[in-house]
Amino acid sequence: MNELIHEPLASKIRPRSLDHFVGQEHLVGKGMPIRTAIEKKHLFSFVLWGPPGSGKTTLAKIYANTLDAELFELSAVSAGKDDIRKIIEIQSASPKILFLDEIHRFNKSQQDFLLPFVESGELVLIGATTENPSFEIISALLSRCQVFVLQPLSHKDIEKILERTETREEIKFGKESREWLLEFSNGDARKTISLIENAQKLYGKISPEILKDTLQSTIRYDKKGDEHYDTISAFIKSMRAGQSDAALYYLARMIE
(Lines give C-alpha, C1' and ligand atoms only; values in the text may rest on other atoms or scores of the structure.)
Protein backbone atom coordinates (compact mmCIF):
# COMPACT_ATOMS: atom_id res chain seq x y z
CA MET A 1 0.00 0.00 0.00
CA ASN A 2 1.38 3.40 -0.98
CA GLU A 3 1.89 5.96 1.76
CA LEU A 4 -0.60 8.76 1.82
CA ILE A 5 0.82 12.06 0.59
CA HIS A 6 -1.12 13.83 3.31
CA GLU A 7 -3.00 12.00 6.04
CA PRO A 8 -5.33 14.29 7.99
CA LEU A 9 -4.59 14.60 11.68
CA ALA A 10 -7.98 13.10 12.57
CA SER A 11 -7.00 9.97 10.64
CA LYS A 12 -3.48 9.81 12.10
CA ILE A 13 -4.67 9.76 15.69
CA ARG A 14 -7.69 7.52 15.01
CA PRO A 15 -7.83 4.64 17.53
CA ARG A 16 -7.05 1.22 16.09
CA SER A 17 -8.64 -0.76 18.92
CA LEU A 18 -11.41 -0.42 21.49
CA ASP A 19 -8.77 0.03 24.18
CA HIS A 20 -8.14 3.54 22.88
CA PHE A 21 -11.64 4.35 21.69
CA VAL A 22 -13.22 7.30 23.51
CA GLY A 23 -16.90 7.64 24.34
CA GLN A 24 -20.04 5.58 23.54
CA GLU A 25 -19.71 3.46 26.67
CA HIS A 26 -23.28 2.21 26.17
CA LEU A 27 -22.01 0.45 23.03
CA VAL A 28 -18.37 -0.40 23.72
CA GLY A 29 -18.21 -0.68 27.51
CA LYS A 30 -17.80 -4.03 29.24
CA GLY A 31 -20.67 -6.32 28.29
CA MET A 32 -22.11 -3.81 25.83
CA PRO A 33 -23.27 -4.93 22.34
CA ILE A 34 -20.49 -3.77 20.00
CA ARG A 35 -17.70 -4.80 22.38
CA THR A 36 -19.36 -8.20 22.86
CA ALA A 37 -19.72 -8.67 19.09
CA ILE A 38 -16.05 -7.82 18.57
CA GLU A 39 -14.89 -10.11 21.39
CA LYS A 40 -16.97 -13.00 20.05
CA LYS A 41 -16.07 -12.19 16.42
CA HIS A 42 -19.73 -12.05 15.52
CA LEU A 43 -20.34 -10.93 11.92
CA PHE A 44 -23.58 -9.06 11.37
CA SER A 45 -24.89 -5.99 9.59
CA PHE A 46 -25.68 -2.85 11.54
CA VAL A 47 -26.31 0.87 11.21
CA LEU A 48 -24.55 3.51 13.30
CA TRP A 49 -26.81 6.51 13.83
CA GLY A 50 -25.25 9.56 15.43
CA PRO A 51 -24.00 13.12 14.98
CA PRO A 52 -20.83 14.03 13.06
CA GLY A 53 -17.53 13.29 14.79
CA SER A 54 -19.00 10.82 17.30
CA GLY A 55 -16.93 7.79 16.21
CA LYS A 56 -18.98 6.01 13.52
CA THR A 57 -16.12 5.52 11.04
CA THR A 58 -13.67 4.60 13.78
CA LEU A 59 -15.98 1.91 15.16
CA ALA A 60 -16.49 0.44 11.68
CA LYS A 61 -12.73 0.23 11.10
CA ILE A 62 -12.06 -1.34 14.51
CA TYR A 63 -14.84 -3.88 13.95
CA ALA A 64 -13.57 -4.90 10.50
CA ASN A 65 -9.94 -5.08 11.60
CA THR A 66 -10.71 -7.18 14.68
CA LEU A 67 -12.78 -9.67 12.69
CA ASP A 68 -10.05 -9.99 10.03
CA ALA A 69 -12.49 -8.87 7.35
CA GLU A 70 -11.80 -6.94 4.17
CA LEU A 71 -13.21 -3.46 4.56
CA PHE A 72 -14.56 -1.49 1.62
CA GLU A 73 -15.50 2.14 2.21
CA LEU A 74 -17.99 4.07 0.11
CA SER A 75 -19.77 7.38 0.55
CA ALA A 76 -23.40 7.28 -0.50
CA VAL A 77 -23.00 10.87 -1.71
CA SER A 78 -20.90 9.77 -4.70
CA ALA A 79 -21.23 5.96 -4.90
CA GLY A 80 -23.76 3.99 -6.89
CA LYS A 81 -24.76 0.51 -7.98
CA ASP A 82 -21.63 0.04 -10.10
CA ASP A 83 -19.41 0.60 -7.08
CA ILE A 84 -21.25 -2.09 -5.12
CA ARG A 85 -21.11 -4.44 -8.12
CA LYS A 86 -17.33 -4.04 -8.32
CA ILE A 87 -16.96 -4.98 -4.65
CA ILE A 88 -19.15 -8.06 -5.12
CA GLU A 89 -17.00 -9.20 -8.05
CA ILE A 90 -13.77 -9.03 -6.02
CA GLN A 91 -12.56 -12.48 -5.01
CA SER A 92 -11.69 -12.59 -1.33
CA ALA A 93 -11.03 -15.35 1.19
CA SER A 94 -12.06 -12.99 3.99
CA PRO A 95 -15.55 -11.71 4.77
CA LYS A 96 -16.34 -8.48 2.95
CA ILE A 97 -17.59 -5.57 5.02
CA LEU A 98 -19.04 -2.57 3.22
CA PHE A 99 -18.91 0.63 5.25
CA LEU A 100 -21.41 2.93 3.59
CA ASP A 101 -21.10 6.45 4.96
CA GLU A 102 -24.16 8.69 4.78
CA ILE A 103 -26.32 5.71 3.85
CA HIS A 104 -29.37 7.99 4.02
CA ARG A 105 -28.18 9.51 0.71
CA PHE A 106 -28.84 6.21 -1.11
CA ASN A 107 -32.22 6.33 -2.84
CA LYS A 108 -34.76 3.48 -2.70
CA SER A 109 -33.52 1.91 -5.95
CA GLN A 110 -29.93 1.84 -4.72
CA GLN A 111 -30.97 0.37 -1.37
CA ASP A 112 -33.07 -2.27 -3.14
CA PHE A 113 -30.01 -3.22 -5.20
CA LEU A 114 -27.91 -3.60 -2.03
CA LEU A 115 -30.52 -5.69 -0.19
CA PRO A 116 -29.95 -9.20 -1.70
CA PHE A 117 -26.19 -9.04 -1.11
CA VAL A 118 -26.76 -8.20 2.55
CA GLU A 119 -29.45 -10.85 2.84
CA SER A 120 -27.22 -13.56 1.33
CA GLY A 121 -24.23 -12.58 3.43
CA GLU A 122 -22.06 -11.70 0.45
CA LEU A 123 -21.68 -8.30 2.08
CA VAL A 124 -21.76 -7.39 5.74
CA LEU A 125 -23.15 -3.86 5.79
CA ILE A 126 -22.19 -1.14 8.23
CA GLY A 127 -24.17 1.97 7.46
CA ALA A 128 -23.43 5.34 9.02
CA THR A 129 -25.99 8.11 9.15
CA THR A 130 -26.80 11.35 10.92
CA GLU A 131 -30.49 10.91 10.06
CA ASN A 132 -33.15 8.71 11.65
CA PRO A 133 -32.79 5.30 9.90
CA SER A 134 -36.51 4.60 10.32
CA PHE A 135 -37.25 7.39 7.85
CA GLU A 136 -34.24 7.11 5.54
CA ILE A 137 -33.60 3.37 5.10
CA ILE A 138 -36.09 1.00 3.45
CA SER A 139 -37.79 -1.35 5.89
CA ALA A 140 -36.53 -4.53 4.18
CA LEU A 141 -32.90 -3.45 4.55
CA LEU A 142 -33.41 -2.01 8.02
CA SER A 143 -34.94 -5.29 9.23
CA ARG A 144 -31.65 -7.02 8.39
CA CYS A 145 -29.55 -4.56 10.35
CA GLN A 146 -29.28 -3.72 14.01
CA VAL A 147 -29.36 0.00 14.76
CA PHE A 148 -26.95 1.49 17.28
CA VAL A 149 -27.39 5.09 18.43
CA LEU A 150 -24.25 7.15 19.14
CA GLN A 151 -24.30 10.22 21.35
CA PRO A 152 -22.35 13.48 20.91
CA LEU A 153 -19.03 13.24 22.72
CA SER A 154 -18.92 14.84 26.15
CA HIS A 155 -16.41 17.49 27.21
CA LYS A 156 -14.61 14.74 29.13
CA ASP A 157 -14.37 12.63 25.97
CA ILE A 158 -13.10 15.55 23.89
CA GLU A 159 -10.55 16.37 26.58
CA LYS A 160 -9.14 12.83 26.35
CA ILE A 161 -8.81 13.24 22.59
CA LEU A 162 -7.05 16.59 23.05
CA GLU A 163 -4.61 14.93 25.46
CA ARG A 164 -3.87 12.22 22.87
CA THR A 165 -3.31 14.87 20.22
CA GLU A 166 -0.89 16.74 22.48
CA THR A 167 1.05 13.57 23.31
CA ARG A 168 1.27 12.06 19.84
CA GLU A 169 1.68 15.20 17.75
CA GLU A 170 3.54 17.36 20.29
CA ILE A 171 1.01 20.15 19.90
CA LYS A 172 0.65 22.14 23.10
CA PHE A 173 -2.60 23.74 24.28
CA GLY A 174 -2.76 26.30 27.04
CA LYS A 175 -5.62 26.17 29.52
CA GLU A 176 -7.56 28.90 27.68
CA SER A 177 -7.14 27.18 24.32
CA ARG A 178 -8.29 23.87 25.78
CA GLU A 179 -11.40 25.49 27.26
CA TRP A 180 -12.11 27.27 23.98
CA LEU A 181 -11.82 23.99 22.03
CA LEU A 182 -14.11 22.17 24.45
CA GLU A 183 -16.80 24.81 23.99
CA PHE A 184 -16.30 24.87 20.23
CA SER A 185 -16.42 21.08 19.80
CA ASN A 186 -20.17 20.62 20.33
CA GLY A 187 -19.48 16.88 20.71
CA ASP A 188 -17.70 16.63 17.33
CA ALA A 189 -14.16 15.28 17.64
CA ARG A 190 -13.31 15.41 13.94
CA LYS A 191 -14.28 19.07 13.57
CA THR A 192 -12.21 19.95 16.64
CA ILE A 193 -9.12 18.07 15.46
CA SER A 194 -9.39 19.58 11.97
CA LEU A 195 -9.44 23.09 13.46
CA ILE A 196 -6.32 22.29 15.51
CA GLU A 197 -4.56 20.95 12.43
CA ASN A 198 -5.40 24.01 10.34
CA ALA A 199 -4.32 26.41 13.09
CA GLN A 200 -1.03 24.58 13.58
CA LYS A 201 -0.27 24.62 9.85
CA LEU A 202 -1.21 28.26 9.37
CA TYR A 203 0.35 29.76 12.50
CA GLY A 204 2.61 27.09 14.01
CA LYS A 205 1.02 27.41 17.45
CA ILE A 206 -2.31 27.33 19.26
CA SER A 207 -4.09 30.10 21.14
CA PRO A 208 -7.75 31.16 21.45
CA GLU A 209 -7.12 34.12 19.10
CA ILE A 210 -5.43 31.91 16.51
CA LEU A 211 -8.21 29.32 16.73
CA LYS A 212 -10.81 32.05 16.15
CA ASP A 213 -8.88 33.45 13.18
CA THR A 214 -8.48 29.96 11.70
CA LEU A 215 -12.17 29.24 12.13
CA GLN A 216 -13.12 32.45 10.32
CA SER A 217 -10.75 31.70 7.45
CA THR A 218 -12.08 28.17 6.96
CA ILE A 219 -15.83 28.76 7.39
CA ARG A 220 -17.93 27.02 4.75
CA TYR A 221 -21.61 27.50 4.18
CA ASP A 222 -24.01 25.89 1.74
CA LYS A 223 -27.69 26.71 1.54
CA LYS A 224 -28.89 23.14 0.98
CA GLY A 225 -26.10 21.02 2.47
CA ASP A 226 -24.86 19.90 5.86
CA GLU A 227 -23.30 23.26 6.80
CA HIS A 228 -26.70 24.94 6.50
CA TYR A 229 -28.36 22.48 8.87
CA ASP A 230 -25.36 22.36 11.24
CA THR A 231 -25.49 26.16 11.56
CA ILE A 232 -29.23 26.22 12.17
CA SER A 233 -28.83 23.48 14.79
CA ALA A 234 -26.07 25.44 16.56
CA PHE A 235 -28.22 28.60 16.43
CA ILE A 236 -31.21 26.84 18.03
CA LYS A 237 -29.08 25.14 20.69
CA SER A 238 -27.47 28.47 21.56
CA MET A 239 -30.86 30.11 22.03
CA ARG A 240 -32.17 27.23 24.15
CA ALA A 241 -29.07 27.43 26.34
CA GLY A 242 -29.43 31.19 26.74
CA GLN A 243 -26.04 31.80 25.08
CA SER A 244 -26.85 35.11 23.41
CA ASP A 245 -23.36 35.77 21.99
CA ALA A 246 -23.27 32.38 20.29
CA ALA A 247 -26.83 32.76 18.98
CA LEU A 248 -25.97 36.16 17.47
CA TYR A 249 -22.85 34.72 15.88
CA TYR A 250 -24.71 31.88 14.13
CA LEU A 251 -27.50 34.25 13.07
CA ALA A 252 -24.96 36.68 11.60
CA ARG A 253 -23.21 33.81 9.83
CA MET A 254 -26.46 32.72 8.15
CA ILE A 255 -27.34 36.27 7.14
CA GLU A 256 -23.84 36.89 5.76
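**Helix packing and sheet order**

Modeller: In this predicted model, the crossing of helix 9 past helix 11 is right-handed.

Biologist: At what angle do helix 9 and helix 11 pack, and how far apart are their axes?

Modeller: The angle is about 35°, and the axes lie 11 Å apart. Helix 9 covers residues 155–169, while helix 11 covers residues 189–203.

Biologist: Which residues make the contact?

Modeller: Helix 9 contributes Ile158, Ile161 and Leu162. From helix 11 come Ala189, Thr192, Ile193 and Ile196.

Biologist: And how many of those are nonpolar, polar or charged?

Modeller: In the contact of helix 9 with helix 11, six residues are nonpolar, one is polar and none is charged.

Biologist: Turning to the sheet, what is the strand order?

Modeller: The sheet is open, with five strands in the order 2-3-4-1-5 and parallel pairing.

Biologist: Which are the edge strands?

Modeller: Strand 2 (70–75) and strand 5 (146–149) are the edges, each pairing on one side only. From one strand to the next, the twist averages 20°.

Biologist: Which helix packs on the sheet, touching strand 2 and strand 3?

Modeller: That is helix 5, residues 81–89. The direction of helix 5 makes about 170° with that of strand 2.

Biologist: How many bridges join strand 3 to strand 4?

Modeller: There are five bridges between strand 3 (residues 96–101) and strand 4 (residues 124–129), and the two strands run parallel.

Biologist: Which residue in strand 4 does Leu98 stand opposite?

Modeller: Leu98 faces Leu125 there.

Definitions and conventions:
Residues are numbered from 1 along each chain as its sequence is written. This is a predicted model: local features need pLDDT of at least 70, side-chain atom pairs count only at pLDDT 80 or more; totals for chains, interfaces and linings use all residues. Side-chain values use heavy atoms; hydrogens and water are left out. Axes are lines fitted to C-alpha atoms, for helices over the stretch in contact, and angles run from 0 to 180 degrees between N-to-C directions. Helices (H or I, at least four residues) and strands (E, at least two) are DSSP runs, numbered from the N terminus. A crossing is left-handed if the near helix is turned anticlockwise from the far one by less than a right angle, and right-handed if clockwise. Contact means heavy atoms within 4.5 Å. Ala, Val, Leu, Ile, Met, Phe, Trp, Tyr, Cys and Pro count as nonpolar, Asp, Glu, Lys and Arg as charged, and the others, Gly among them, as polar. Two strands pair if DSSP finds at least two bridges between them.
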